[in-house]
Amino acid sequence: MRAFYFYVSSILVGGLFFAFARWLGNDYLFFAGYTVLQFVVLATAWNILGGYCGYVNFGSAAFFAMGAYSSVALHKLAAGVDRYFPESLVGFAKLILPLNIPTLIIFGGIVSGLVGLGTGYLTLRLRGAFFAIATLALAVVLQTLIVNWDFVGGSRGAYIIRPGEVPILGSYIQYLFLVMLVLAVVALAAARIIEQSRLGYGFATIRDDEMAAEACGVPTLKLKLIATTMSGALMGMAGAPFPYYIGYLEPSSAFGLAYAVNSIAMPMIGGTTSWVGPLVGALLLGIIQQIATVTISSAINLLIVGLLLVGFVIVAPKGIIGLVQDFMRERASDKGQPTWRSRLAIFANMRPGAR
Amino acid sequence: MAEPLLHVDNLGKRFGGFVALDGINLAVQPGERLGLIGPNGSGKSTLVNCMCGTLQNETGSVRFDGQIMDGLPANKRTHRGMARSFQLPRPFVTLSVAENLRIPLLFTAHSRGGRHLSKEETENRCHELAGLVGLAAKANKLPRDLTQVEMRKLELARAMAADPKLLIADEAMAGLSQSEVDEIVALLIKMNERGVTIIMIEHIMRAVMAFSQRLVVLVTGKKIADGPPQEVVGHPEVIGAYLGQ
């Protein structure tokens, strides 16, 4: 029943925003909304590994970029079917290419998921700062590979001419917004399901004490691989439509510091122990950054993120959700009748007295 | 004599140039209560870690319930019925007491029973385990709200939740008062009466003597004595190791 409310409320909120933006007739809202939703997906993906398992990933931008560049590669393939495919396959290639955005998202997810799996294998024995450094190194290695891969534009970057219109909706950005909205709901649903499942408990034990987890029968290595793969795949899925959104993709923008920093800051500010945290953090920071971009300058965005992160680490290290949990723990008694606070806590899986 | 539940054969472990375990042989019978003692640095915890898979032995082998355990990770050994508690309690700090007990139930109960427990069965078992160690009233509390003795009890209950054939209690009474030590000894004996074989590693001799049916003594990575507690404590080498000669 709780899942039903979750899906209905997600679709309602997204649908209302979509209708409102269409009613205003201003495409900027869709551009801004797309960016915010993209950060919801990235923050949620980061939180699967960083929040649930306690493995801090500084290489989010690399997973995001792998998704984006997988779309660029497929776009290039579609543009040069005669050149890149043997004669016997040209007909088939022309039939399936160019791929639509949902298929590109799946493909981007597979590519980044595999990169995540590989990262997991290579860093199985690393923890804490060492794991974080390894993910940072991964981002540098992958960026170097992309810079030197001419097929996807190398350091020059690649232009993607997106279609001007789509059937029914009309504007292509509205279509991209809807796709990202669905992806955000999927990411949040995945995080929510994980959190309430056996897998989520396994992740929590890895975060708290890996040796004790092993002693309790938790297959920590296997679960870490699942987490790195899932987190990577979701980040790649967030990146796959990006070339169609931005129109021109270059390595320095795809692997930009903003993605890595925001992916970490948003869950940290929102709270890492629940799926609600990354959502709250991404909405808060994403909207503030969008407002700052149009009122001051986009150059100030990282400064805002940095200041907020420092502030939250000092004042509320468990994030906004941590503050809410403490508030509810004081009020919502285990013995008494359920209150609106305890109902909210159960809905958001923020059980008082527990995680 | 019955086939031993645990058979440690010529076990060896080094840390660089330091020999932590040197050819340890040990056989533990099903249902037995074994005490394992030795001065600090004698290799007790290393032996436990090698048996449980936290460390991998370099020589020799560990056979448990008729199966070779060498090379298996700790979680697989737990699945096969070998559970342990830690010298310093290691609860999952963000999970409540009940959730701490739920973890082994979620990850091991199916491995021998062949199926996952239903939600209701899991809750009932959690409740039963919390009751067994007297933590039922604190089932929804976080570990930080527990006292030292309650933390030790949680550690033992969590090990029991894996439904083990062998429980290794590594210094489960360190830092406790006399009455608390008695509580833990009684609890371990109760667990043993339920059919669980127990190895108790301990420094508190009163507890060791009250609990053990057999006593093994390690000194500098070697086994120097193995036998009935009263005989072992009178062994000249054991007295020498503890009092110095």
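This is a guided tour of a predicted model with chains A and B, going from one selection to the next.

Because the model is predicted, local features are described at pLDDT of at least 70 and side-chain atom pairs count only at pLDDT 80 or more, while totals for chains, interfaces and linings use all residues. Residues are numbered from 1 along each chain as its sequence is written, and chains are lettered from A in the order in which they are written.

**Chain A: two long-axis checks**

Select residues 2-24 of chain A, which form helix α1(A); helices here are DSSP runs of H or I with at least four residues, strands are runs of E with at least two, and both are numbered from the N terminus. The 23 residues of α1(A) reach 33 Å from the first C-alpha to the last, close to the 33 Å expected at 1.5 Å a residue, where the expected span is 1.5 Å times one less than the number of residues. The number of buried residues in α1(A) is zero, so this helix lies largely in the open; a residue is buried if 20 or more other C-beta atoms lie within 10 Å of its own, exposed if 12 or fewer, and partly exposed in between, with C-beta atoms placed from the backbone. After α1(A) comes Gly25(A), with a positive phi near 70°.

Next select residues 101-122 of chain A, helix α6(A), whose 22 residues should span 32 Å at 1.5 Å a residue and whose end C-alpha atoms are 31 Å apart, which agrees. In α6(A) the buried residues include Ile101(A), Leu104(A), Gly108(A), Gly109(A), Val111(A) and Gly116(A).

**Chain A: two helix pairs**

Show α2 (residues 27-52) with α15 (residues 276-295) of chain A, which pack at an angle of about 145° with their axes 8 Å apart; axes are lines fitted to C-alpha atoms, for helices over the stretch in contact, and angles run from 0 to 180 degrees between N-to-C directions. The residues in the contact between α2(A) and α15(A) divide into 10 nonpolar, eight polar and no charged; Ala, Val, Leu, Ile, Met, Phe, Trp, Tyr, Cys and Pro count as nonpolar, Asp, Glu, Lys and Arg as charged, and the others, Gly among them, as polar.

Then turn to α14 (residues 257-270) and α16 (residues 301-315) of chain A, which pack at about 35° with their axes 10 Å apart. Among the residues that meet here are Val261(A) and Met268(A) in α14(A) and Leu302(A) and Phe312(A) in α16(A), two residues being in contact if their C-beta atoms, placed from the backbone, lie within 7 Å. The contact of α14(A) with α16(A) divides into 10 nonpolar, two polar and no charged residues.

**Where the chains meet**

With both chains shown, 21 residues of chain A are in contact with 27 residues of chain B. On the side of chain A that touches chain B, the elements giving two or more residues are α9 (198-208) and α10 (210-215) of chain A, and the largest share, six residues, comes from α9(A). That side of chain A divides into nine nonpolar, six polar and six charged residues.

**Chain B: sheet and hairpin**

In chain B, select the open sheet of four strands with the order β2-β1-β4-β5 and antiparallel pairing; two strands pair if DSSP finds at least two bridges between them. Strands β2 (18-28) and β5 (67-68) stand at the edges with a single partner strand each, so one side of each is left without a neighbour in the sheet. Strands β1 (residues 6-15) and β4 (residues 59-64) of chain B are joined in the antiparallel sense over five bridges, with Gly12(B) opposite Thr59(B). Helix α1 (residues 44-52) of chain B lies across β1, β2 and β4, running at about 65° to β2(B).

In the loop between β4 and β5 of chain B, pick Asp65(B), a residue other than glycine with a positive phi near 55°. Asp65(B) counts as partly exposed, with 16 C-beta neighbours inside 10 Å.

Move on to Leu34(B) in strand β3 (residues 33-37) of chain B, which is buried with 23 other C-beta atoms within 10 Å. Beyond its neighbours within four places in sequence, Leu34(B) is in contact with Val28(B), Ile199(B), Ser212(B), Arg214(B) and Val216(B).

Finish at strands β9 (residues 214-219) and β10 (residues 222-227) of chain B, which run antiparallel and are joined by five bridges, with Val219(B) partnered by Lys222(B). Two residues lie between these strands, and Thr220(B) in this hairpin takes a positive phi near 40°. Thr220(B) counts as partly exposed, with 15 C-beta neighbours inside 10 Å.
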